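Here are a few friendly notes to read alongside the structure. Keep the 3D view open and find each residue as you go.

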Amino acid sequence: MTSLETLSVAQARRITLAAQGFTDPKPGGATDLRHLRRVLRRLHLIQMDSVNVLQRAHFMPLYSRLGPYPPALLERAAYRRPRELFEFWGHEASLIRVDLQPLFRWRMARAEQYAWGGMRRVAAEQPDLVSWVLDEVRGRGPITAAEIEHDVPRRKDHWGWNWSVVKQALEWLFYTGQVTAAERTTSFARRYDLTERVLPAAVLEAPTPAPEEAFRTLVDLSARALGVAAEPELRDYFRLPTKECRVAIAELVEAGVLRPVAVPGWKPVAYLHHEAKLPRRVDVATLISPFDPLIWQRERTERLFDMAYRIEIYVPKPQRLYGYYVLPFLLGDRFAARLDLKANRQTGVLEVPAAWLEPAADQDETAEALAAELRRLAGWLGLDTIATPVAGDFAGPLTTALKSL
């Protein structure tokens, strides 16, 4: 049996950061769509989430890689013509490069297998409701679920319909690809419209690949985005089915696209993409969103960075270790600190409920770099003031560094 090539954990970490775009040059002047596209060619998709304690999740990965940029750029790419992103279930709810839409048609076609229970139940038990909702979108779209629900009680022949089933019907139509998000309201609600009226004609007319071809391409894209990764992480990136993902990995190994490698301390075999780069060093100082693809897979994050990270939004307050909305601080190629942050938009203050130093980090270097990053973040968010950190073992040194700015 041939022994595997070995990568050190430090090498795997730098390969990952390069693949994720952290070694790409920052914009020298004003950020424009070219810079956004460069990041999207790296990541392929951006996770969405409704939590808005600091900033909507989908805006943060671009900030972490580009620095302060106009959020309107992302809104334009996602919701204005010519559309470059579309909403669908990629890694959870996501904004995905629009040219990749054909690769997700297998998921749309298998909605009865993969969509969750409420949607499947409405589609099976109330097909007349689904047809009516589709007709409403066709005649009135773009339209929100609430606007459709508002008219339901007036239809006496269907007096049992309510908002929840209307929303489930819309989500079934969304999952099956018949409707999509034309835009979002200021309250973050989707405005649904027919997919044929939203996506570019070239995308709609693109041939549908066979499922096995789509799986190979998606695994290839996952490997490109991660640089080096184990099978569970390649599968998790686009939430692929286990059996099909493993077959695709084997085919890509045979084709030379992926190369099995060993990384000390990693129990699973890792796969190195054949185009992955190993930079000599990584020079970056930025906060990372809990929903950033760099740390989607928490076990991988611990193996790469020796940092046990969990988002504690749903943890009861007395049981939280670090805080409600905690962002790790990436300094060089390691996580040096983590901060609980909140944007108080009414007062114009960036609040720091807690600050914690990672065990191997240099206190003075980290405090100085993190203070500068907080000033940059506050400016991007349009906040005037950075509050004094309240709790955590790093609150004192960070307070001193903030005062020295």
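1. A residue is called buried when its relative accessible area is under 20%, and exposed when that value is over 50%. Please keep in mind that this is a predicted model. With that cut-off, phenylalanine 86 and phenylalanine 88 are both buried.

2. Now look at how these two rings sit. Their centres are 6.4 Å apart and their planes meet at 20°, so phenylalanine 86 and phenylalanine 88 make a stacked pair. Phenylalanine 88 has a relative accessibility of 2%, which is why it counts as buried.

3. How are the rings of phenylalanine 88 and phenylalanine 104 arranged? This pair is edge-to-face, because the planes are at 70°, with the ring centres 6.3 Å apart. The pair joins parts that are 16 residues apart in sequence, because phenylalanine 88 belongs to strand 3 (residues 85-90) while phenylalanine 104 sits in the loop between strand 4 (92-97) and helix 5 (105-109). Phenylalanine 104 counts as buried too, at 0% relative accessibility.

4. The model has 16 aromatic pairs. One aromatic cluster includes Phe86, Phe88 and Phe104, and among its other members are Trp89, Trp116, Tyr237 and Trp296.

5. Finally, turn to the surface. Asp362, Asp364, Glu365 and Glu368 form a negative patch there. One of them, aspartate 364, is part of helix 16 (residues 363-381). Is aspartate 364 buried or exposed? Its relative accessibility is 60%, so aspartate 364 counts as exposed.

Note on methods. Residues numbered from 1 in each chain as written. Predicted model: local features only at pLDDT ≥ 70, side-chain atom pairs only at ≥ 80, totals over all residues. Heavy atoms only, no water. Patch = residues over 30% accessible without salt bridge, like charges linked within 9 Å, V, L, I, M, F, W, Y side chains within 5 Å. Areas by Shrake-Rupley, 256 points an atom, 1.4 Å probe, with all protein chains shown as cover. Salt bridge = Lys/Arg side-chain N within 4 Å of Asp/Glu carboxyl O. Lys, Arg positive; Asp, Glu negative; His and termini not counted. Charge placed at Lys NZ, Arg CZ, Asp CG, Glu CD. Helix = DSSP H or I, 4+ residues; strand = E, 2+ residues; numbered from the N terminus. Buried < 20%, exposed > 50% of the residue type's maximum accessible area, 1.4 Å probe, protein only. Phe/Tyr/Trp six-rings, centres within 6.5 Å; stacked < 30°, edge-to-face > 60°.
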